[in-house]
Amino acid sequence: MTKFLKKDQLSSNWYEIDAKNAVVGRLATVISKIIRGKNKTTFTPHMDDGDFVVVKNIEQIKFTGNKFQNKKYYRHTGHPGGIKETTPENLAKKKPGEALKLAVKRMLPGGVLGKKQLTKLKIYVGNDHPHSAQNPQVIQLDKLNSKNIIRN
């Protein structure tokens, strides 16, 4: 029989990822697995057993191909005819981390559990963040797969 975790057995770690020259989709898959808890042997689908992820240097994230100019993000205001569209280029000017947050959000389950897990993602512009007291483990994306980083 499969053993599931109880609430008192949950434990969270902290991870830090440098997003400099990282590909958005590949970074989002790594983050979503950690936030969801799928990297642990104690993965329980209906529990929030994931870890916290701190992403720094979000302003230096990259898209492959022409997606930075051509990809479209849609949202709806709720009013008739209220569909709005934007590109990652325009989104990066207003909210630098929003493209990554949307990519991770769409890889998490829909509903209350997915919203709770998304709060474990911390995104910061620049190299500094206020979570150094948690001693986050550094994850190097280029060590996981050489395609995770764009080299010019």
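Author: A pocket, in the sense used here, is an open set of grid points where a 1.4 Å probe fits, with protein on both sides within 12 Å along at least five of seven lines. Please keep in mind that the model is predicted.

Reader: Thanks! How much space lies in the second largest pocket?

Author: About 150 Å³. Its lining is made up of 13 residues, and I58, E59, I61, A92 and P96 are the ones nearest the centre. Two elements, α3 and α4, each give two or more residues to this lining. The top contributor is α4, with three residues.

Reader: Which classes of residue make up the lining of the second largest pocket?

Author: There are 10 nonpolar and three charged residues in that lining, and no polar ones.

Reader: And what about the largest pocket: how much space lies there, and which residues are closest to its centre?

Author: The largest pocket holds about 330 Å³. It is lined by 13 residues, with R75, T86, L91, K95 and E98 closest to the centre. Here the lining draws at least two residues from each of β3 (73-76), β4 (83-86), α3 (88-94) and α4 (98-105). By class, seven of the lining residues are charged, four are nonpolar and two are polar.

Reader: I see α4 again. How should I read its packing against another helix?

Author: Two packed helices are described by the angle between their axes and by the distance between the axes. In this structure, α4 packs with α1, which spans residues 24-36. Their axes lie 9 Å apart, at an angle of about 55°.

Reader: Which residues of α1 and α4 meet?

Author: From α1, they are V24, L27, A28, I31, S32 and I35; from α4, they are A99, L100, A103 and V104. This contact comprises nine nonpolar residues and one polar residue, with no charged ones.

Reader: Finally, how many helices and strands does the protein have, and how do they run from the N terminus?

Author: The protein has six helices and six strands. Starting at the N terminus, the order is β-α-β-α-β-β-α-α-α-β-β-α. Along the principal axes, the C-alpha atoms fill a box of roughly 50 × 45 × 30 Å.

Notes
Residues numbered from 1 in each chain as written. Predicted model: local features only at pLDDT ≥ 70, side-chain atom pairs only at ≥ 80, totals over all residues. Heavy atoms only, no water. 1 Å grid on protein atoms, 1.4 Å probe; cavity = no way out; pocket = protein on both sides within 12 Å on 5 of 7 lines; lining within 4 Å. Points joined across faces, edges and corners; volume = space filled by probe spheres on them. Helix = DSSP H or I, 4+ residues; strand = E, 2+ residues; numbered from the N terminus. Nonpolar A, V, L, I, M, F, W, Y, C, P; charged D, E, K, R; others polar. Axes fitted to C-alpha atoms, helices over the stretch in contact; angles between N-to-C directions. Contact = heavy atoms within 4.5 Å.
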